[in-house]
Protein chains: 2
Amino acid sequence: MTAAEATDMPDDGALRTPDRLRRRTSRLLSQLTVRSDRLINEGLAARADARKWHYAVLASLQDLGPGSQATLSRRTGIYRSDMVGVLNELAGRDLVERTPDPDDRRRNLITISDRGRRQLRRLDQVLDTLHDELLAPLSPYERAQFTRLLTRLLDHHTRAS
Amino acid sequence: MTAAEATDMPDDGALRTPDRLRRRTSRLLSQLTVRSDRLINEGLAARADARKWHYAVLASLQDLGPGSQATLSRRTGIYRSDMVGVLNELAGRDLVERTPDPDDRRRNLITISDRGRRQLRRLDQVLDTLHDELLAPLSPYERAQFTRLLTRLLDHHTRAS
DNA sequence: TCATTGCGTTAGTCCGACTAACGATATACG
DNA sequence: CGTATATCGTTAGTCGGACTAACGCAATGA
């Protein structure tokens, strides 16, 4: 009797996922990202009426100062086509102000408001707890290590491209 | 003069991404996954005229035996709505056979063909080299560790949901 | 002056994940 | 038996995110 025959009787034909599939790093990566994205999106929506783009834009404004939509687009990686909508949402919540740039009349100058600053603080808190959930099974040391590995991989593939 | 004033002169307002954004694990995760998915998709398309679902279905058939479309859907995580298309592609390449199940006339029984088995071997090779590219900057030990951490995280979030 | 470039915006494509509903079975229960 | 319920394969369609194309407008540089 082989090991397989000995152990797997409960109809593996239906439920199981083959190992070579389950172990592939790329698959682990994308499956985890699906969960992570869901966690973050739903968490931000539920607890702060926000989306991750809001965080990206607000953080960029706070940390690097005001800028045109194109500038923000470059800083955050949001496509300039999609930036319009994000800024509409943010302006609708009074978190940013969109004023024509006197120096270059093609531009809108985007500034963060006081409300925006408060919301950014809130978002940072919410994200902290969400990341706590995301990384729950890992020790602090493992979390740091995980992040380090991710960073190195991403750096490598960002330079290369 | 503050540290920031001392160091940042080259117009950080435009190009830089704020640190709190760049460091968030969830963001690292999704950005890396974008690159990873691209690498895998393009690699499989270019080197084996395949998509990742082909691999998932073929591996499932080879390792766990033939099954209905619904079964394959459960094994691979591909939605049964999308399974139709994937099996059309596979059948069009003569990698699987779709025959009506005599025992249950609602079902199609899917079987892997010899060509399918050969293609699966090829896909495994291609995926190995692609993962080598994906994990290039990491040592063997670090790769193992990375995979272990990913697995633990994914397990945690799969049970929880 | 005129060509080029960058800007904000609209519209629309593409793809993957996912839902809804269908006709055709199969199964369970009264 | 008969009828309700569940499952199967399939089609169609929604939704969100990434990305492209093209527009009118303003600034820039030869």
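Modeller: A polar contact is a pair of N or O atoms within 3.5 Å; within protein, one must be able to donate a hydrogen and the other to accept it, and residues adjacent in sequence count only if both atoms are side-chain atoms. The model is predicted, with local features needing pLDDT of at least 70 and side-chain atom pairs pLDDT 80 or more, while totals for chains, interfaces and linings use all residues. Residues are numbered from 1 along each chain as written, chains are lettered from A and ligands numbered from 1 in written order, and side-chain values use heavy atoms, without hydrogens and water.

Let us begin with DNA strand D, where an N or O atom in the side chain of B:Gln69 is 2.6 Å from a phosphate oxygen. Two further side chains reach a sugar or linking oxygen of DNA strand D, namely that of A:Tyr79 at 3.2 Å and that of B:Asn108, also at 3.2 Å. The elements giving two or more residues to this surface are H7 of chain A together with H6 and H7 of chain B (helices, H or I, have at least four residues and strands, E, at least two, as DSSP runs numbered from the N terminus). Around DNA strand D there are 21 residues (with a heavy atom within 4 Å of it), and those that come nearest are A:Ser81, A:Arg105, B:Gln69, B:Ala70 and B:Arg106. Of the atoms of DNA strand D that come within 4 Å of the protein, 67% belong to sugar and phosphate. Sorted by class, the surface near DNA strand D holds 12 charged, five polar and four nonpolar residues (Ala, Val, Leu, Ile, Met, Phe, Trp, Tyr, Cys and Pro count as nonpolar, Asp, Glu, Lys and Arg as charged, and the others, Gly among them, as polar).

Turning to DNA strand C, we find 21 residues around it, with A:Gln69, A:Ala70, A:Arg74, B:Ser81 and B:Arg105 coming nearest. A polar side-chain atom of A:Arg38 is 2.7 Å from a phosphate oxygen of DNA strand C, one of A:Asn108 is 3.3 Å from a sugar or linking oxygen, and one of B:Arg106 is 3.4 Å from a base oxygen. Helix H6 (69-76) and helix H7 (80-92) of chain A, along with helix H7 (80-92) of chain B, each give two or more residues to the surface near DNA strand C. That surface is made up of 12 charged, five polar and four nonpolar residues.

The protein chains also meet each other, and 61 residues from chain A and 61 residues from chain B take part in that contact (heavy atoms within 4.5 Å). The area buried between them is about 5900 Å², with carbon and sulfur atoms giving 61% of it (accessible area, with a 1.4 Å probe, that two parts lose on being put together, summed over both). Across this interface there are 10 salt bridges (a side-chain nitrogen of Lys or Arg within 4 Å of a carboxyl oxygen of Asp or Glu), including one between A:Arg24 and B:Asp124, whose closest N and O atoms are 2.8 Å apart. Between chain B and chain A there are 23 residue pairs in polar contact, both residues being at pLDDT 80 or more. On the side of chain B that touches chain A, H9(B) gives the most, with 14 residues, and this side comprises 24 nonpolar, 20 polar and 17 charged residues.

Finally, a rotation of 180 degrees with 0.0 Å of shift along its axis superposes chain B on chain A with an RMSD of 0.1 Å (by least squares on the C-alpha atoms of residues with pLDDT of at least 70 in both). The two copies are therefore related as by a two-fold rotation axis. Both copies use the same surface, as 100% of the contact residues of chain B recur in chain A.
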